[in-house]
Amino acid sequence: MSKKLFAIFGNPVSHSKSPLMHNLAFRGLGFDGCYTRHLLQDGSTLKEAFDDLSLSGINITVPHKTHAYQACDVLDPFAQKVGSVNTIVKRDNLLYGYNTDANGFLKAISEFKDIKSVLFLGAGGTAQSTAIILQEAGYNLTIVNRSSARLEYFKSKGLDTYTFDDFVPSRYDLVINMTSAGLEDDSLPCPIEILNEVIPTSKACVDVIYGKDTPFLKLAKSLGKPTKDGSDMLLYQGIIAFDYFTDGAYDFEEIKSFMQKAFVI
Ligand code: NDP
């Protein structure tokens, strides 16, 4: 069997940890694979780039997850439902699409016990897929976003939605920053008055941004709350993608033992 090539497509993509994560697991598990990164400017050329590079599989990051969804020949039922694909595998010349972000997120928050109600700050693409999986898992979910347009999707799924202006805070077990606020700036995901109401009564706070103590996490810590960043979500979505890339050849914990080394290098 010849070496299989994989890549992450995105724009930007230079910051991505995925090549390191997957290459550590390929090497550790003795799988003859190599994982690189590809700056994809135009999402509509995704399939062409996939073929030109003779790839066996890819991960897709911002802003191409909808293009990835459109490029697939076969969609996993969950990816079909949420309209977003972050993992593609080529089998028999067909592109199979999956969404591993949502399951990765669900696994990442499973360490918090007795969680029933969850507040999402943000309503972007990541919030969409993770909202559906939380809804399916029986969590009581509320979404608050800066602007109203992106809330339509969540409304159509029967979820409680608010903008900052009409939000009436309640008590939430988990408060999650689903925005990109704090990624490349020092902004909070919503007005501090809202955070000062919802954080003190929560059990814990989570940020999907990884590798950074965001202003949101700093505030939660200062209010004495347990916190968690997006590293485990990234790790778990990667393990699930790796499982698709290698057709289930390895155990979850086995993959994890190598992949998690990417977070200490
Ligand atoms: P999108 O661009 O789809 O959505 C961005 C969201 O953030 C929107 O709700 C937007 O509000 C809101 N937002 C952006 N800036 C601000 C601000 N300054 N104040 C308030 N709200 C703001 O992004 P994604 O959903 O794809 O990504 C969101 C975050 O998730 C990113 O930080 C990304 O890095 C992270 N992520 C982490 C992963 C992991 O594995 N840990 C995996 C995937 C994503 P509006 O609608 O008003 O514009």
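Ser 54 is exposed, with a relative accessible area of 54%; exposed denotes over 50% relative accessible area, buried under 20% and partly exposed the range in between, for a 1.4 Å probe and protein chains only. The model is predicted, so that local features need pLDDT of at least 70 and side-chain atom pairs count only at pLDDT 80 or more, whereas totals for chains, interfaces and linings use all residues. Residues are numbered from 1 along each chain as its sequence is written, and side-chain values use heavy atoms, without hydrogens and water.

**Backbone features**

Ser 54 is located in the loop between α2 (46-52) and β3, where helices (H or I, at least four residues) and strands (E, at least two) are DSSP runs numbered from the N terminus. Although not a glycine, Ser 54 has a positive phi of about 55°. Asp 114, likewise not a glycine, has a positive phi of about 55°. Asp 114 belongs to the loop between α5 (101-109) and β7 (117-121) and, at 56% relative accessibility, counts as exposed. Most residues other than glycine have a negative phi, and most peptide bonds are trans.

Pro 12 is placed in the loop between β1 (4-10) and α1 (18-29), and Pro 63 in the loop between β3 (57-60) and α3 (65-71).

**Ligand site**

Of the 25 residues around the ligand, those that come nearest are Gly 125, Thr 126, Asn 145, Ser 147 and Val 208; a residue is near when one of its heavy atoms lies within 4 Å. The table gives polar contacts, meaning pairs of N or O atoms within 3.5 Å.

| Residue | Protein atom | Ligand atom | Distance |
|---|---|---|---|
| Ser 147 | side-chain N or O | oxygen | 2.6 Å |
| Thr 179 | backbone N or O | oxygen | 3.5 Å |
| Gly 230 | backbone N or O | nitrogen | 3.0 Å |

Taken alone, the ligand exposes 930 Å², of which the protein buries 82%. The elements giving two or more residues to the shell around the ligand are α6 (125-136) and α10 (231-245). This shell draws at least three residues from each of domain 1 (4-100 + 231-263) and domain 2 (113-225).

**Nonpolar core**

The largest nonpolar core has 53 residues, and those with the most contacts inside it are Phe 105, Val 118, Phe 120, Leu 134 and Leu 174. Such a core is a set of buried Ala, Val, Leu, Ile, Met, Phe, Trp, Tyr and Cys residues joined through side-chain atoms within 4.5 Å. Its largest share, eight residues, comes from α10.

Methods. Polar contact = N/O pair within 3.5 Å; in protein donor to acceptor, adjacent residues only side chain to side chain. Areas by Shrake-Rupley, 256 points an atom, 1.4 Å probe, with all protein chains shown as cover. Domains from an automatic or database assignment.
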